[in-house]
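Please walk through this model with me, one region at a time.

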Amino acid sequence: MGKSITKESIIQEAKEKDVRYLRLMFTDILGTIKNVEVPISQLGKVLDNKMMFDGSSIEGFVRIEESDMYLYPDLSTWLVFPWDSGHGKIARFICDIYNPDGTPFAGDPRANLKRVLGEMKGLGFTEFNLGPEPEFFLFKLDEQGNPTMKLNDEGGYFDLAPTDTGENCRRDIVLQLEELGFDIEASHHEAAPGQHEIDWKYADALSACDNIQTFKLIVKTVARQHGLHATFMAKPVHGINGSGMHCNVSLFTEKGNAFYDASKEDGLSQTALHFIAGLLEHARGYTAICNPTVNSYKRLVPGYEAPVYVAWSEQNRSPLIRIPAARGNSTRVELRSVDPMANPYLAMAVLIKSGLDGIINEKMPPAAVNRNIYQMSLEDREHVGIADLPGDLAEALVELQKDDVVLAGLGEHIKQNFIAEKTLEFQSYRTQVTKWELEHYLGQY
C-alpha cells in the first residue's frame, strides 16, 4: 500500500505476527495473479533478491531454454494477511521479474508500467493517479464447493438487506481490506442482481494496480468463506448489466493537478483536453487491452449502461469518457469502458501512453456530447463523428495492431505474446457450437 518499509522492520513484524509462509506474487500477461509460496525460513533469500522460478511455465513469459527468472520483492508491498493458515500467518510481497543478468524482464506487466511511467516523468509530470471502481458478482457454491449460476440475491442498486443478502459478505470484505490498509470510500449493491461494488481511495498508478490485484484476491477469499463464488467476469449473466471497472485518472506536476485550470469556466486545463483527445483517438486501439476477452464484448453492447461510443461529456454517463464534477486537485477523467478482466498494469500503460500522445502533439478533442448517445440514431452519431468501440475481440485485435502508440505502450515482448494468445482465444471461441445456436437452428433446419 505504498508504505516505506525496511528489511529489518519486515523481519521484526514477521516474528511478532508469527508469519510462517510467504507468497511471492506477480501478474502474468493475461492479468492472472501468480505466486510462489515459500516458508518463512527463506525470508532472507527473498529479501536479497535471490529467489528464482521457472519463467517458461508462465503463459507469455519465456521459452524453456531461457527459463530461469528472479523474483525481486517490492518491499512497500509487504502485507500480512488477516487470516491464519492453521500453522501461522501468511504474508505476501508483490514482485518484479528480473532476468539472470539483473535487468528487468520486458514481459513483466508491472515492469512495463514502470517503463511508461518513467517516460511520463521525462515529460515533466510527477505522478499519475488512479481511482478504480471494480464491480463483481456473487454466485452460490454447490455442495462440492463449485460455483453455480445461482445469484446470491435479487437486489438492485443501493438495496439493503434482506434483499441484499450479500451485505454481510461485502462488509467482511471491507473489514479485511481496511485491516490491510485500504481507505474504503464506498460499498454498495450494484444495478444487477448479485452484483456489488467497493471503491477505495485513489493512489499512484503502480500502487493502484497492486491494490486492484490484492482486492481481487481478498474478494474471492472472503466470498468463499461465506459459501459464495466471486467473479470479475465482465458479463456472466445474459439480460442484465455486466461488470465494469471505471478508471478515474489524473495527472500531476510539482505545481499540482495538471488537469485543473481555475481560469477556465469548466475548470479543465489544456493538458486535460489534450489528454482526453489522446484517449479518444486511441480508444479503438486500446480496447483489446482494456477489454481483453471474448466475454468482454458481451458487456459492451447498447442497453446495459456500458459505454460503446467514442465520445466525451461533462454531463452524462453514456459516452466513453465522463468528467466528474469535482475540481481543484480532484479534477479527473473517468474512462468507463475498462472491465475488471483487464490486466491493470497493461491497461494503465496503454492509457497513459495514449493520453501522453495527445499532450505531446497538442491534440484537441471534438465537442463534448451532452445528449444521451444511447437514444441517438446511427445517422446522428455519424453526423457528429461518434465512432463505436470494436464489436468483438477479433476486431479489437485488428485495431490494436494498427495503433503504434498503444503498441509502444506494451513493448515488443508483451505485444507479440498478447496478440498471439488472444488470437488463439478468439479462434477457439469462433469454432464452438453454442447452446443458442442449437436452440435456434437444430430443429428449424
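**A polar contact and its surroundings**

The side chains of Gln195 and Glu135 are joined by a polar contact of 3.4 Å. A polar contact here is a pair of N or O atoms within 3.5 Å; within protein, one must be able to donate a hydrogen and the other to accept it, and residues adjacent in sequence count only if both atoms are side-chain atoms. The model is predicted, so local features need pLDDT of at least 70 and side-chain atom pairs count only at pLDDT 80 or more, while totals for chains, interfaces and linings use all residues. Residues are numbered from 1 along each chain as its sequence is written, and side-chain values use heavy atoms, with hydrogens and water left out.

Gln195 lies in strand S9. Helices (H or I, at least four residues) and strands (E, at least two) are DSSP runs, numbered from the N terminus. Gln195 counts as buried because its relative accessibility is 1%. Buried means under 20% relative accessible area, exposed over 50%, and partly exposed in between (1.4 Å probe, protein chains only). Contact means heavy atoms within 4.5 Å. Leaving aside neighbours within four places in sequence, Gln195 touches residues including Glu135, Phe136, His189 and Asn241.

Now the sheet. Five strands form an open sheet, ordered S2-S1-S5-S4-S3, with mixed pairing. Two strands pair if DSSP finds at least two bridges between them. Strand S2 (33–39) and strand S3 (51–54) are the edges, each pairing on one side only. On average, neighbouring strands of this sheet are turned by 40° against each other, direction ignored. Helix H5 (residues 205–225) packs on the sheet and touches S1 (19–27), S2, S4 and S5. The direction of H5 makes about 50° with that of S4. Axes are lines fitted to C-alpha atoms, for helices over the stretch in contact, and angles run from 0 to 180 degrees between N-to-C directions.

Strand S4 (residues 68–84) pairs with S5 (residues 89–98) in the antiparallel sense, over 8 bridges. There, Val80 has Ala91 in S5 as its bridge partner. S3 and S4 also run antiparallel, joined by 4 bridges. Phe53 has Met69 in S4 as its bridge partner.

Which rings come together? The structure holds 15 aromatic pairs. Phe81 and Trp83 form a stacked pair, 4.8 Å centre to centre with 5° between the planes. Rings of Phe, Tyr and Trp (its six-membered ring) pair if their centres lie within 6.5 Å; planes under 30 degrees apart count as stacked, over 60 as edge-to-face and the rest as tilted. Phe81 is buried at a relative accessible area of 0%, and Trp83 is buried at 14%. Trp200 and Phe215 form a tilted pair, with 4.7 Å between centres and 40° between planes. Trp200 lies in strand S9 (residues 195–200) and Phe215 in helix H5, so this pair ties together parts 15 residues apart in sequence. Both Trp200 and Phe215 are buried. Ring pairs link Phe136, Phe182, Trp200, Phe215 and Phe232 into a cluster.

One more helix remains. Leu279 is found in helix H6 (residues 270–281). Leu279 is buried because its relative accessibility is 2%. Beyond its neighbours within four places in sequence, Leu279 is in contact with Tyr286, Ile321, Val333, Leu351, Ser354 and Gly355.
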